[in-house]
Amino acid sequence: MNHMKLFAATVKWHGIKTLRKPDIARRAFFHGQRYVSSGTSEPFLSGSNSNYVEEMYYAWLENPQSVHKSWDLFFRNANAGQTYDPHLPDQLERKASFLQSHGLAQTPGKAEKLVEDHLAVQSLIRAYQIRGHHVAQLDPLGILDADLDSFVPSDLITTIDKLGFYGLHESDLDKVFQLPTTTFIGGNENSLSLREIIKRLENTYCQHIGLEFMFINDVEQCQWIRQKFETPGVMKFTNEEKRTLLARLVRSMRFEDFLARKWSSEKRFGLEGCEVMIPALKTIIDKSSEMGIEYVIMGMPHRGRLNVLANVIRKELEQIFCQFDPKLEAADEGSGDVKYHLGMYHERINRATNKKITLSLMANPSHLEAVDPVVQGKTKAEQFYRGDTAGKKVMSILLHGDAAFAGQGVVYETFHLSDLPSYTTNGTIHVVVNNQIGFTTDPRMARSSPYPTDVARVVNAPIFHVNADDPEAVMYVCSVAAEWRNTFNKDVVVDLVCYRRRGHNEMDEPMFTQPLMYKQIHKQVPVLKKYADKLIADGTVTLQEFEEEIAKYDRICEEAYTRSKDNKILHIKHWLDSPWPGFFNVDGEPKSMSCPPTGISEDLLTHIGNVASSVPVKDFKIHAGLSRILRARLEMTKNRVVDWALAEYMAFGSFLKEGIHVRLSGQDVERGTFSHRHHVLHDQEVDKRTCVPMNHLWEQQAPYTVCNSSLSEYGVLGMSRGLRIPNALVCWEAQFGDFHNTAQCIIDQFISSGQAKWVRHNGIVLLLPHGMEGMGPEHSSARPERFLQMSNDDSDAYPVSRFVKISQLYECNWIVVNCSTPANYFHVLRRQILLPFRKPLIILTPKSLLRHPEAKSSFDEMVSGTTFQRVIPENGLAAQAPHEVKRVIFCTGKVYYDLVKERKNQDLEKQVAITRLEQISPFPFDLLKEELDKYPGADLVWCQEEHKNSGYYDYVKPRFRTIVNHTRPIWYVGREPAAAAATGNKNTHLVSLRRFLDTAFNLEAFEGKTF
Ligand SMILES: Cc1ncc(C[n+]2csc(CCOP(=O)(O)OP(=O)(O)O)c2C)c(N)n1
Ligand SMILES: [Mg+2]
């Protein structure tokens, strides 16, 4: 929008009156009163009146009620960027009475006009600061408005008649006005003519940069941004900087050209139309490195990813090029991933700063934005292990597409982690490749917000929109973004408004759906040519130098291409985003293939039990109810038994002694949804005073982090998955197991399949409260069937390895357990770290069992030498005379206790054996075979409390049949198939329980039935 030109053409020149000399103090931020008027040189307010207004303004800022209502209204309008309309009768009336009462009545018309003009100019400045971005020239194509709307705010001075909006006239244009402290457009001047004020505001706010920041509710931060962009002459680049920028653009553009030439029909999601993204990222990294950053962790979608790998991370080109060879054989285990999903890790010297920098691009799935919280997790982990609590050494950069940034809810969830004490990564720089299209969908159909970036406003992140065809503006914005992050440690967004030169991918025809846009795109001169022409014209480079730069990079690509043909084998291991040196051997294999016993010494158990029962801080008053809980814990410790909560305490505490960090995150995990955990004690008398006894176990211990999360599953589980460190136990607990499905993408794309796709081990623990307890369709089932269905162990293959126990674990994609005793829960947590490799662990955790009197374990089951039991065989009367046993019931989890009780009631302890499956997947074929062989005459029953189409039946049935070689049936006992996970009717729940318990112990139930 070229409205400034229009404006200049309509306005006549008036001489500028000079005001008083610059008062540097005025440039400082608001702190008390600071206007000092010389009085006599004031052209439009008498000195005393001017002072008076200013003083009132500052008084108003402190307390709006301290000034007269009419001024309050003025200042409020001015501050809200609204306009004072002097013609409104009530305002006029009130102003007049105010002036009269303050001795200004002798020249009311003149004085009033002067005050109004002064305030009007302030309003005008504010209007540009708030709304200038709406008219900034952001679209390189010049056909769309980045804010979806071609509306020009009525308070921006686009034509001369708009001055009337403020009660100003053409004749005021050359009057000189004092500048408020909320602007830096004056540079060293503290007053400017109205004409110059408008011109400078236009320059700052309405050219190629659109600034959205006035919603930030921190004056210091707003001032900082205004100073960075408003100060005259800030956007100056040296010739050297311009040449570097040109060279980086050459690389960005020629890389895409090279791929297009060599593999014209291959998908690569090229960056054409936003080539400036490469120098933009490099500028952010250079500037951050200059300010002390040593490690940058990046997450990004498909668009331009290969280019980032090549020119930002600096992956060897031949490694990228060889990926295009369809005959390339995979050397690693696993199923691998397409080239534009793989990650990368690289340590190198930053050329701009000569400092060491590590860059990591995280592998990610197609699921747009899913990687965002994962990147935050990795960043948090790196900051944690470097002791970088303030984020001065490690930072994250997230890249986004415009459609995905606006559309995907996980973006919002991730933003909401950004300022939470246990989740913050101290500021992320977001870069949006806003090519104004998502696949075939126009922005007006893709979002309801003006910009794709509006989501960032919720956390007060400034948003810098910039026309991507102005590389210098982009570099400036990126440099400020990096400084912002370093100064305030808060998120910031750079919105690169660009275009997509080709279709969504290289095979797509965009003219089908965006004909007019693409007509324009076909005419669009590439940014490299535009910028090179500019630099050649102003003598910064010669045509010859430019051509040589191109030839040089083309040669590099050609040579790498030749070398790439020698690569016949692909090693996904070469694409790791975070290697674990020291954990695996040099070949990336586990250092051993055994797992030591998971028990710990009695002394250790006692010590942890005692601390878990205490308040290890002086003068700390806890709730009486909690005192009772702690006393019960002490009693249990004395009696050498544990319940669920204490068993968990023992496992976590034991790791801390060994220097293993434990992190437990999720909704309300500190107390525990079921009020059983109480890992954080709250002083009943001092607000916010808390104590975490687990952090008082030993003088020297690893820290324990337990943190209530925001009410998010996708974001928080994603972040937990990102905290992928070999020697840390990272647990995420769902409030109730079924809520995990709002994080399904993280489970499917990262946890279940992460290792197969990206050869990365991950030891995350998911704690999913599960159990049918009459609580209704929700709050009941953690949907174990889904985890089991995604388990990769073969139902038809009986494992033959001698080391089946460990090899099964090594080969599986995750472990699914449902423990029936606290001791086994303790052991499975311990095994998680003692294993020589890492696998995700899904634990179906109990609810009522947390307080079940039978669900207790003795220290004897946890002391040194004891270990996790994959199967807990029947060990009662039935086991003593197995040949007389009529039925073996196999089950898992809580239903065991119902079955045992019922068996006793029916006096069937000799006839019916009950064996518990604790590790469901990988399926303990070997141990179950022993059980089956032991009871040759018994019929075999799988009993579960879940409905037939959920729970475990579909998983265990074929595996049992593999064990018995299809010679014996495995009968089902449990609830009927159902659409909802559980009934909402308590009575129906109890009736169905009764019914399946009856069947379980009806020894004739399956007589005569075939299978
Ligand atoms: C969660 C998810 N939904 C749908 C898709 C399919 N998809 C791939 S790219 C794309 C368009 C993305 O548009 P944008 O975010 O603007 O990025 P651009 O391709 O324009 O760079 C879509 C819908 C996906 N990858 N992920
Ligand atoms: Mg897009």
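Predicted model: local features only at pLDDT ≥ 70, side-chain atom pairs only at ≥ 80, totals over all residues.
I placed D402 in helix α13 (residues 402-407) and I437 in the loop between β9 (428-434) and α15 (443-446), so the pair ties together parts that are 35 residues apart in sequence.

Next entry: the sheet. I found an open sheet of eight strands, with mixed pairing. I read its order as β3-β10-β11-β9-β8-β4-β7-β6. At the edges I have β3 (209-212) and β6 (344-350), each pairing on one side only. From one strand to the next, I get an average twist of 20°.

I checked one pair of strands inside the sheet. Strand β4 (residues 295-299) runs parallel to strand β8 (residues 394-401), and I count five bridges between them. For V296 I looked up the bridge partner in β8, which is M395.

Last entry: helices on the sheet. I see helix α10 (residues 305-313) lying across β4, β6 and β7 (355-361). Its direction is at about 165° to β7. Helix α16 (residues 471-488) also packs on the sheet. I list its contacts as β3, β8, β9, β10 (463-467) and β11 (492-497). The direction of α16 makes about 165° with that of β10.

Terms used. Residues numbered from 1 in each chain as written. Chains lettered and ligands numbered in written order. Heavy atoms only, no water. Helix = DSSP H or I, 4+ residues; strand = E, 2+ residues; numbered from the N terminus. Pairing = 2+ DSSP bridges. Axes fitted to C-alpha atoms, helices over the stretch in contact; angles between N-to-C directions. Contact = heavy atoms within 4.5 Å.
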